[in-house]
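Q: I am new to this structure and would like to learn how to read its features. Could we go through them step by step?

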Amino acid sequence: MKLAIVFIATLALALAAPAEEKDAQVLKYDSDVAADGYSFQYETSNGIKHQEKSELKKFDEDVSALVVRGSFSFVGADGVTYTVNYVADENGFQPEAAHLPKA
């Protein structure tokens with residue numbers, strides 16, 4: 001049931017998007033996957049950019065996890081470009097951006 005609600009809400013947002021959003025084209029896409037991490041980046045014609053890179057970090061002799069660093073940006077309804085930089089590691093997801101509230 002929850003999945004159906006999320007799907008319907010996502011579909012409604014996509015259909016309500018301005019024409020330039022629905023018609024956005026992928027301008028750039030790169031991806032690399034390895035045993036010890038991955039990286040990707042993409043850019044679209046409507047101003048969205050996202051890049052992310054991970055690496056395998058060993059925390060203990062038998063405990064390893066991916067540490068992820070990245071950023072994304074988008075143009076808001078107000079015409080301003082918003083950028084979020086983030087790290088996801090043993091301390092959780094840590095976003096930083098001028099427009100986000102500080103703890």
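A: Let us begin with exposure: a residue is buried under 20% relative accessible area, exposed over 50% and partly exposed in between, with a 1.4 Å probe and protein chains only. Tyrosine 42 has a relative accessible area of 29% and is therefore partly exposed. This is a predicted model, in which local features need pLDDT of at least 70 and side-chain atom pairs count only at pLDDT 80 or more, while totals for chains, interfaces and linings use all residues. Residues are numbered from 1 along each chain as its sequence is written, and side-chain values use heavy atoms, leaving out hydrogens and water.

Q: How many aromatic pairs does a search of the whole structure find?

A: Rings of Phe, Tyr and Trp (its six-membered ring) pair if their centres lie within 6.5 Å, and planes under 30 degrees apart count as stacked, over 60 as edge-to-face and the rest as tilted. The search finds 5 aromatic pairs; one of them, phenylalanine 40 with tyrosine 42, is stacked at 6.3 Å centre to centre, with 10° between the planes. Ring pairs also link Tyr38, Phe40 and Tyr42 into a cluster.

Q: Which parts does the pair of phenylalanine 72 and tyrosine 86 tie together?

A: Strands are DSSP runs of E with at least two residues, numbered from the N terminus. The tilted pair of phenylalanine 72 and tyrosine 86 has 6.3 Å centre to centre and 45° between the planes. Phenylalanine 72 lies in strand β4 (residues 63–75) and tyrosine 86 in strand β5 (residues 81–89), so the pair ties together parts 14 residues apart in sequence. Tyrosine 86 is buried at 7% relative accessible area, whereas phenylalanine 72 is partly exposed at 29%.

Key:
Helices (H or I, at least four residues) and strands (E, at least two) are DSSP runs, numbered from the N terminus.
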